[in-house]
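Please look over the sequence and the three-dimensional model together, and keep both in view while reading the report.

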Amino acid sequence: MTQISRKMYRLDLKRTILWRVALLRRCARSLWHQILACWIGKSVRYRQLLHSGPLIPTSRRSPPTTIDPATVSHQFPASSGEMSSSSGGSDHDQDTSDLVTLKISLLGDHHIGKTSFLAKYVGKEKNQEELKVKGINQMDKTLCVKGARISYTIWEVGCDAFCQDADLKTSIPAACKDSVAMLFMFDLTSRCTLNSVINWHQQARTYNQSAIHVMVGSKFDEFVQLPLDLQWTIASQARAYAKAINATLFFSSASYNINVNKIFKFVTAKLFDLPWTLERNLTIGEPIIDF
């Protein structure tokens, strides 16, 4: 009789525990759905991007590259005299005696939008002149900071992080050495390219340990079409990786010019200690900025 009572007690205890666990799961699921419902409203305008088309249509032929002086003056107030104007295009007709050249590296797997990202920032089409080093593409942009003309020479490494190609072994050192900033890019719609960021960082750190680290998630316009729970999962992983490599995280879109210029403004402000504040945005469904 005693054994039967014990078995009944254990059975009742097990049922009570299972019932409480199931209740907690339902409460957590209900809370999660409420959170997602709040985020849906904020992400609607980004989900409508594809219906309205790109903000700046890409044309086959683009005019000569120029940088509007008023743009930089607006983005970095020149009242202190630190930022006044910018210039671009060909520098062959200008005096280069006061030109300071700084190098920025862009690393990431194939087909994640690196070239489109740079073309959007520089203002040129994709078919840029390439360096004579295989696997590297170079683009330049000139602006004026603190009364000095600064030329950003951006080196894009085009290969996969786990590729054993001999060109990768030469292109990574060439791109990373002496860089003031290193941008690690991944495709927000491709988890494998996000996983590659750690490997890119490990290789880059071998040749440069002092550069500013920035982690860039591309194709936000496609990412925002994913289910919100998947967006949350990818965003959480990206934030964890950015924290692990001590990088500032930006979600961006070259097609809609989302956070493209802001990334380079952040680098410029960091390099020259300019009074420019970067605002954190952790809202799922919006282009995340985390630091």
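## About the model

This is a predicted model, in which local features need pLDDT of at least 70 and side-chain atom pairs count only at pLDDT 80 or more, whereas totals for chains, interfaces and linings use all residues. Residues are numbered from 1 along each chain as its sequence is written, and side-chain values use heavy atoms, with hydrogens and water left out.

## The nonpolar cores

A nonpolar core is a set of buried Ala, Val, Leu, Ile, Met, Phe, Trp, Tyr and Cys residues joined through side-chain atoms within 4.5 Å, where buried means under 20% relative accessible area, found with a 1.4 Å probe on protein chains only. In soluble globular proteins, nonpolar side chains tend to be buried together. The largest core here has 33 residues, and those with the most contacts inside it are Leu107, Phe184, Phe186, Met215, Leu249 and Phe251. Among the elements giving two or more residues to this core are S3, H6 and strand S6 (248–251), while H8 gives the most, with five residues. Helices (H or I, at least four residues) and strands (E, at least two) are DSSP runs, numbered from the N terminus.

A second, separate core of 32 residues includes Ile150, Phe264, Phe272 and Leu274.

## Helices H6 and H8

The axes of helix H6 (residues 191–205) and H8 come within 10 Å and cross at roughly 10 degrees; axes are lines fitted to C-alpha atoms, for helices over the stretch in contact, and angles run from 0 to 180 degrees between N-to-C directions. The two helices, H6 and H8, are therefore roughly parallel to each other, a term that covers angles under 35 degrees. Contact means heavy atoms within 4.5 Å, and on the H6 side the residues making it include Arg191 and Leu194, with Leu230 and Tyr241 among those of H8.

Ala242 lies in helix H8 (residues 228–244) and is buried, with a relative accessible area of 3%. Leaving aside neighbours within four places in sequence, Ala242 is in contact with Met215, Ala247 and Leu249.

Glu156, in strand S3 (residues 148–158), is also buried, because its relative accessible area is 7%. The side chains of Glu156 and Thr115 are joined by a polar contact of 2.9 Å, that is, a pair of N or O atoms within 3.5 Å, of which, within protein, one must be able to donate a hydrogen and the other to accept it, and residues adjacent in sequence count only if both atoms are side-chain atoms.

Notes: Buried < 20%, exposed > 50% of the residue type's maximum accessible area, 1.4 Å probe, protein only. Parallel < 35°, antiparallel > 145°, perpendicular 65-115°, else oblique.
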